[in-house]
Amino acid sequence: MLLTIDIGNTNITLGVFSGEELCFVSRLATRRTKTKDEYAFELVNMFSLNSISPKDCSGAIISSVVPEITNILGQAVTMTTGCEPKYVDSSLNTGLKIATKIPGQLGADMVVGSVAAINKYPLPCLVIDLGTASKLFVLDKTGTFLGCSISAGIGISLNALSKGASQLPAVSIKAPEAAIGTETIGCMQSGAVFGTACMIDGMIDRFEEELGAKFSSIVSTGGYAKPIVEHCKHSILFDDNMLLYGLKIIYNKNDG
């Protein structure tokens with residue numbers, strides 16, 4: 001079995017594969033103050049809830065955009081499974097061609113998402129990752145990573161709005177009945193959900209203009225993706241476990 005872990009700024013997503021089968025997926029809150037023992041305790045509980053022994057894992061791989069806990073969680077993985085995890089960095093063969101000005105700045109999450117997209121979807125492909133940050137990244141017809149756009153995620157934007165404006169409350173991220181809001185919560189939800197959907201639609205059109213071609217596939221992932229992309233005018237696939245599959249592909253490229 002293979003343990004795959006994606007460490008994000010808000011959540012840590014973990015998946016265990018048996019061959020090609022994804023046996024289970026769990027999510028932990030990202031806490032920068034936790035010790036390796038605390039993370040190990042959570043890992044043990046996660047495996048127990050899914051009736052699998054951590055010792056059944058023969059390998060592990062981690063991608064992370066939170067450097068301060070990467071090694072701590074890696075140590076917890078070794079404590080519980082006995083495996084030394086691989087880390088998605090420049091030392092691993094990902095097979096991804098990167099055409100940005102400073103390839104080393106590309107985040108591990110976008111590397112993993114790109115690898116998954118290249119192996120699962122027709123090219124050229126646009127990947128939309130809506131999490132703590134909203135990231136849209138482009139893969140051309142050869143599978144080369146061309147670049148991306150990054151903006152504040154929906155959760156961050158709404159939190160900033162409610163904290164910075166005294167009369168605006170915290171609201172849930174769901175679509176209101178109409179784009180033209182008639183009460184405060186509906187107005188804020190319209191801006192968050194429909195506004196983000198319109199931004200995505202507009203960026204797709206702009207990206208295609210710059211690329212000089214239509215995307216053969218547009219795929220979304222991330223914690224905020226599903227409630228947003230269903231309100232986009234473009235046809236967008238939703239792949240909840242995309243990064244876990246990308247991690248498995250990268251691990252297999254470097255196994256042994």
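Q: Why is Ser149 called buried?
A: Buried means under 20% relative accessible area, while exposed means over 50% and partly exposed lies in between (1.4 Å probe, protein chains only). Ser149 has 17% relative accessibility, so Ser149 counts as buried. This is a predicted model, in which local features need pLDDT of at least 70, side-chain atom pairs count only at pLDDT 80 or more, and totals for chains, interfaces and linings use all residues. Residues are numbered from 1 along each chain as its sequence is written, and side-chain values use heavy atoms, with hydrogens and water left out.

Q: Which residues is Ser149 in contact with, leaving aside its neighbours within four places in sequence?
A: Contact means heavy atoms within 4.5 Å. On that basis Ser149 touches Ser134, Lys135, Leu136, Met203 and Phe207.

Q: Where is Ser149 found?
A: Ser149 belongs to strand β9, residues 144–152. Strands (E, at least two residues) and helices (H or I, at least four) are DSSP runs, numbered from the N terminus.

Q: What is the order of the strands in the open sheet?
A: Two strands pair if DSSP finds at least two bridges between them. The six strands follow the order β6-β9-β8-β7-β10-β11, and their pairing is mixed.

Q: Why do β6 and β11 stand at the edges?
A: Each has a single partner strand, so one side of β6 (97–98) and one side of β11 (237–238) are left without a neighbour in the sheet.

Q: How many bridges join β7 to β10?
A: Five bridges link β7 (residues 125–130) with β10 (residues 217–221), and the two strands run parallel.

Q: Which residues touch the most other members of the largest nonpolar core?
A: A nonpolar core is a set of buried Ala, Val, Leu, Ile, Met, Phe, Trp, Tyr and Cys residues joined through side-chain atoms within 4.5 Å. Of the 29 residues in this core, they are Ile61, Val88, Leu96, Ala117, Val127, Phe145 and Met242. At least two core residues come from each of α3 (108–120), β7, β8 and α7 (242–254).
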